[in-house]
Structures are given as structure tokens and as C-alpha cells.
Amino acid sequence: MAKLLVKLQRYFRRKPVRFFTLLALYLAAGSLVFLHSGFAGEPTVTGSQHGPGAGEGPGLPYLGVMQLSRGFKAAATMPEGGRRHGPWFKSTSKELAERGKAGDYGSTQSRVLRGRSGREKEEDRARYVGCYVDNTRRRTLRGVSFFDYKKMTVFRCQDNCAERGYLYAGLEFGAECYCGHKVQASNASESECNMECKGERSNTCGGVNRLSIYRLELAQESARRYGSAIFRGCFRRPDNVSIALPVSQLMLNMSVDKCVDFCTEKEYPLSALAGTACRCGFPTTLFTLHEREDEQLCAQKCAGEEFESCGTAEYLLVYQTQVQDNRCMDRRFLPTRAKQLVALASFPGAGNTWARHLIELATGFYTGSYYFDGSLYNKGFKGERDHWRSGRTICIKTHESGQKEIESFDSAILLIRNPYKALMAEFNRKYGGHIGFAAHAHWKGKEWPEFVANYAPWWATHTLDWLRYGKKVLVVHFEDLKRDLFVQLQRMVGLLGIAACEDRLLCVEGQKDGNFKRSGLRKLEYDPYTPEMRKMISGYIKMVDTALKLRNLSGVPDDYYPR
């Protein structure tokens with residue numbers, strides 16, 4: 001045996017090419033065996049061994065999990081229709097039929113069954129209605145909508161729609177959620193709702209132009225009765241009332257619920273109670289909702305509900321329904337490359353994301369960013385993926401404050417916010433996400449004092465740098481934008497070179513919050529600022545106030561002082 005090994009060693013020393021050829025063939029043969037076992041050999045488990053997929057639907061046994069490398073695991077779980085193999089991996093038609101009967105998870109039928117089983121679990125809070133056709137030009141569900149291309153789930157969509165008082169929640173394309181009070185489309189085949197939810201692979205979230213629709217059973221009544229309408233105030237009857245509020249109905253047994261429900265059914269965002277008449281419409285230049293009257297002028301009791309006010313023929317009590325005003329919801333990239341780069345500059349936590357939301361609704365164009373935030377892209381800010389110099393977006397979000405970075409822009413909207421609020425907002429974002437909250441341990445630990453020490457000086461230098469190096473700077477205070485959105489947004493849109501359509505701006509007022517606002521339900525029960533912190537921040541406020549006034553601008557708002 002030893003002599004044989006010595007002879008082989010001498011032989012391969014003289015002819016190394018043959019040695020490496022044989023080695024390569026050996027490795028190739030082993031790889032083919034491994035590949036074949038990876039794609040064709042599925043381990044079986046006994047009936048007592050149940051896994052996550054057990055019992056998900058009729059005829060869908062749990063097949064076990066193979067311990068593959070990352071690449072092969074991804075290939076093994078791909079849908080059958082989208083996987084392409086070489087000729088030696090092809091299955092016969094007989095094998096495919098048998099696999100379909102056994103409930104192969106890759107088939108369209110199994111995805112529908114799996115989604116159906118998930119829907120059965122949701123029936124305690126919502127009832128699945130069916131798969132429906134959707135149209136981008138005329139939506140099946142015409143209430144509010146939101147997208148999340150990473151974490152969308154059935155429950156999240158249902159919860160958001162129920163919270164806003166809608167009757168129906170629909171999911172489309174695996175990541176899009178639509179709410180509405182009425183389903184206005186025809187049924188589609190269940191097999192056409194075949195896309196998995198982005199954040200919940202075990203459930204189906206519609207398909208391409210197909211909605212998986214649920215009727216919200218438990219949440220609807222309480223939400224519609226107590227939380228479905230937003231009170232807008234008491235207003236004098238407009239001169240051309242039949243034009244301003246074109247739909248009306250006489251209601252001898254009037255109540256707020258009845259009028260709101262009537263206007264919701266007619267798909268109008270405004271419900272106006274005028275004694276025994278209910279009127280519906282949109283906010284327009286004929287009825288702007290900007291000049292509120294004393295509520296006592298509307299304090300006439302409702303005929304159908306003695307503890308409610310229903311307005312009078314001259315003074316209307318106005319509520320905003322849950323119908324989404326779609327006049328300002330269309331957005332796109334600029335048709336031609338922008339000649340100037342406009343910055344939307346702010347210190348972190350000063351409301352930049354909210355301002356972007358308002359600008360996109362007001363102009364109809366996407367905003368860009370100096371950075372890339374995948375979570376914002378997933379929530380509908382499509383300009384996130386564009387390079388900030390692409391010229392396809394109306395303005396560019398930035399938190400930069402250096403001379404070189406500032407001078408890269410031709411003009412800027414500088415958004416300034418009360419530092420006490422901005423610091424807390426950014427701390428929440430850093431430790432809890434864009435609309436989340438930092439944990440109690442973060443506020444009480446070393447993180448908060450260190451954060452204030454590092455970020456408070458930056459709040460001041462950020463504003464001072466933009467005032468010093470910016471070429472054309474429009475200063476907008478966050479507090480003024482909240483207090484008088486119409487006027488401030490007009491100023492911002494004017495700097496962007498867009499002719500502001502008043503009806504569109506009025507539409508924005510009704511959609512101003514979007515999905516980028518913290519709920520406020522988890523406010524701190526104590527003041528996190530120490531006396532030393534307040535003294536330091538107060539000095540920075542005075543510094544910024546002085547700099548603004550030296551440039552003949554209004555100083556910081558009064559509510560910055562005192563703390």
C-alpha cells in the first residue's frame with residue numbers, strides 16, 4: 001500500500017495538471033450531489049412533530065426546515081413560478097401535480113389558503129370580505145391610505161383604519177393600506193390576491209391592483225360614534241352656500257352622528273350642521289374655515305340629541321369627516337431638471353419630516369434628502385433614493401451646518417423649533433424611531449445628559465451657520481407653521497417657485513398630520529431638564545434671537561421664554 005502511494009505521489013509530481021484536473025472533477029461531483037439534495041430532498045417529520053406551519057390550512061403539512069447556507073435557503077423558499085433551474089432540476093408534470101396536491105408552499109393556491117387561515121385568526125376584530133379589483137385612478141376604498149414597504153401587516157392596517165373610524169381596511173401589493181366607508185368595485189378571484197405581507201409572511205396582503213378587504217367589526221361603532229369626526233368650529237354661513245357646500249339633506253331628527261354619517265356616505269370631507277339641514281362639501285376659497293366665530297352662536301340644541309349643538313341657518317357647526325380629500329394627494333418627480341438646489345434645513349427634531357410631508361402635498365412634487373433613510377422611503381417619500389443633486393425633487397432635506405455644505409445650495413428654507421421640544425423629539429427619534437419614544441431607562445440614564453451636552457450647542461450653531469453662509473434663506477418657525485399653516489406654507493411654496501393653488505393649500509390643512517406625528521399618549525410625567533441644562537439652553541436661545549434680529553428678522557417666538 002505504501003509503495004502504491006509513493007508511485008502516485010511521483011506520478012502527480014511529474015504531471016501536476018492531471019492532479020488538479022482530477023481534484024476539480026471530484027469537487028464538482030460533490031457539489032452536484034449537495035445541490036441535488038438541497039433542491040430535491042426534503043426531510044420528512046413524523047405526525048407528532050409540529051412546526052410553525054402546522055395546521056395552517058387543509059392539506060398543508062409541515063415539511064420541516066432544511067439547514068442550508070444563506071444562498072441555498074433563499075433559493076429553497078422562493079415561489080415555484082419565479083425559480084429557474086438548469087435542465088437536471090426540472091420536475092415532470094406528474095411531480096408538479098402531486099406537489100400541488102400536497103400543498104407546496106410555493107404555489108399560488110397555497111398562498112391563498114395560507115392567507116385565508118391567517119384571516120380566520122383575525123375574525124375576532126375584523127371579518128374578511130374578499131379580494132377586490134382596485135384602480136389607481138379611482139380607488140376602491142377612498143379614505144386615508146399609507147404605505148410601508150418593509151413592515152406592513154394585516155393587523156397594522158386594520159388598527160390604523162379602525163382608529164380613524166373607517167368601516168373597511170384593504171391591503172394591496174403586500175405593502176399598501178387603504179381605508180374607506182364603502183367598497184366601490186367588483187370582486188376578483190381569490191387567487192389574484194396572492195402577495196405576502198411585507199412584515200408578515202404568513203398572511204396575504206392583496207396583489208397587483210387587487211385589495212384584500214376586511215370589514216372592521218368591533219372598532220367601527222365606537223370609533224364612528226365617538227372618534228370618527230374632527231371638530232373644526234363654528235362658522236358664518238358662506239354667501240354662495242349651495243356652491244360652497246353643494247350637497248344637503250333636511251334632517252328633522254338631526255344629530256352630529258347623522259350629519260357626519262350622511263356626508264361620509266356622500267364622500268365629502270366636511271360636514272356642516274345648520275339647524276335641521278345637513279350640508280357637505282370641501283374647504284375652498286368660498287369656505288376656507290379660517291374665520292371662526294364664537295361657539296355660542298352655534299349653540300342650538302339638536303332635535304335628535306338634546307346634549308349636542310347643531311348650529312343654525314346662519315351659523316354652521318363644522319366637523320371634518322374621515323373621508324380623505326384627494327385634491328392634494330398626487331405626487332411625482334419634477335418633469336425637468338431643477339435649475340437651483342433648494343435646501344429644507346433644520347436641526348434634527350425640528351419637524352423636517354413633517355415639513356416635507358406638507359411641501360409634497362402643497363406642490364405635488366417629491367422632496368429629496370441629503371441622506372438616505374429607508375424607513376422614510378418605505379413610508380412614501382420616494383425622493384429618498386435619488387441623489388440629492390439629481391434635480392428631480394422640489395427641495396432637499398438636510399441637517400448639515402458647515403460652510404462648504406451650506407454653500408452647495410442656491411437657497412434654503414430654514415426651519416427653527418423651540419430647542420427644548422426639538423431636543424426631546426430628536427432623542428425620541430434616536431432611541432424610538434420616527435414616531436416612537438425613547439424608553440424610560442434612556443431618560444433616566446446617562447444617555448440623556450450626554451445627548452443634551454452634545455446637541456444643545458449644535459441647535460444654536462446650526463441656525464447661526466445658515467444665517468451666515470446661506471445665499472437666500474427663508475426662516476420659518478415650527479411653532480408659526482403649526483399655528484398658521486396656510487400662510488407659512490404659502491411662503492415656503494413661494495420660495496420653491498411654485499404658484500400656490502389656494503384650494504390645494506386648503507386641502508393640505510385637512511391632511512396636515514399624515515402618519516408622521518407621535519401620538520402624545522406617552523408624554524413624560526416629569527421635566528427631564530435640570531436647572532444647569534435650562535441655563536445653558538437659555539443662553540443659546542438668546543444667541544439665536546440676537547442673530548435673527550440683526551438680520552431684520554423677527555426673533556424667536558415668545559413661547560421659547562421662559563421655561
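**Salt bridges, a buried strand and a cavity**

Visitor: At 24% relative accessibility, does Glu267 count as buried, partly exposed or exposed?
Guide: Note that this is a predicted model. Buried means under 20% relative accessible area and exposed means over 50%, with partly exposed in between. Glu267 has a relative accessibility of 24%, so the class for Glu267 is partly exposed.

Visitor: Which residue forms a salt bridge with Glu267?
Guide: Side chains of opposite charge can pair when their charged atoms come close. For Glu267 and its partner, the closest N and O atoms are 3.3 Å apart. The partner of Glu267 is Arg142.

Visitor: How many residues apart in sequence are the parts that Glu267 and Arg142 tie together?
Guide: Glu267 and Arg142 form a salt bridge. Glu267 sits in the loop between helix H9 (256-265) and strand S10 (270-274), while Arg142 sits in the loop between strand S1 (126-133) and strand S2 (145-147), so the separation of the parts they tie together is 125 residues.

Visitor: Is Arg142 buried or exposed?
Guide: The cut-off for buried is under 20% relative accessible area. Arg142 has a relative accessibility of 14%, so Arg142 counts as buried.

Visitor: How many salt bridges are found in the whole structure?
Guide: The pair of Glu267 and Arg142 is a salt bridge. Asp134, Arg139 and Glu172 are linked in a network of salt bridges. A search of the whole structure gives a total of 17.

Visitor: What is the N to O distance in the salt bridge of Asp386 and Arg392?
Guide: Asp386 is buried, with a relative accessible area of 15%. Arg392 is partly exposed, with a relative accessible area of 37%. Their side chains meet in a salt bridge with an N to O distance of 2.7 Å.

Visitor: How many residues of strand S16 (residues 411-416) are buried?
Guide: In a regular strand the side chains alternate between the two faces of the sheet. On one side of S16, Ser411, Ile413 and Leu415 are buried, and on the other Ala412, Leu414 and Ile416 are buried. The strand is largely enclosed by the rest of the structure, because the number of its residues that are buried is 6 of the 6.

Visitor: Which residue stands opposite Leu414 in S16?
Guide: S16 pairs with strand S13 (residues 342-346) in the parallel sense, over 5 bridges. The residue opposite Leu414 is Ala345.

Visitor: Which residue in S17 stands opposite Ala412?
Guide: S16 and strand S17 (residues 473-477) run parallel and are joined by 5 bridges. The residue of S17 that stands opposite Ala412 is Val473.

Visitor: What is the volume of the largest cavity?
Guide: Rolling a probe the size of a water molecule over the atoms shows where empty space is left. A search of the whole structure finds 3 cavities of 30 Å³ or more. The lining of the largest cavity includes Arg142 and Glu267, and also Tyr166, His181 and Gln322. The volume of this cavity is about 90 Å³.

Visitor: Where is Phe173?
Guide: Most residues other than glycine have a negative phi, and most peptide bonds are trans. Phe173 is not a glycine, yet it has a positive phi of about 60 degrees. At 35% relative accessibility, Phe173 counts as partly exposed. Its place is in the loop between strand S3 (168-172) and strand S4 (176-180).

Visitor: Is Asn552 buried or exposed?
Guide: Asn552 also has a positive phi of about 60 degrees without being a glycine. Asn552 lies in the segment after helix H19 (531-550). The cut-off for exposed is over 50%. With a relative accessible area of 74%, Asn552 is exposed.

Key
Residues are numbered from 1 along each chain as its sequence is written. This is a predicted model: local features need pLDDT of at least 70, side-chain atom pairs count only at pLDDT 80 or more; totals for chains, interfaces and linings use all residues. Side-chain values use heavy atoms; hydrogens and water are left out. A salt bridge is a side-chain nitrogen of Lys or Arg within 4 Å of a carboxyl oxygen of Asp or Glu. Helices (H or I, at least four residues) and strands (E, at least two) are DSSP runs, numbered from the N terminus. Buried means under 20% relative accessible area, exposed over 50%, partly exposed in between (1.4 Å probe, protein chains only). Two strands pair if DSSP finds at least two bridges between them. On a 1 Å grid over the protein atoms alone, a cavity is a set of points where a 1.4 Å probe fits but cannot get out, and a pocket is an open set with protein on both sides within 12 Å along at least five of seven lines; lining residues have an atom within 4 Å of a point. Grid points are joined across faces, edges and corners, and a volume is the space filled by probe spheres set on the points.
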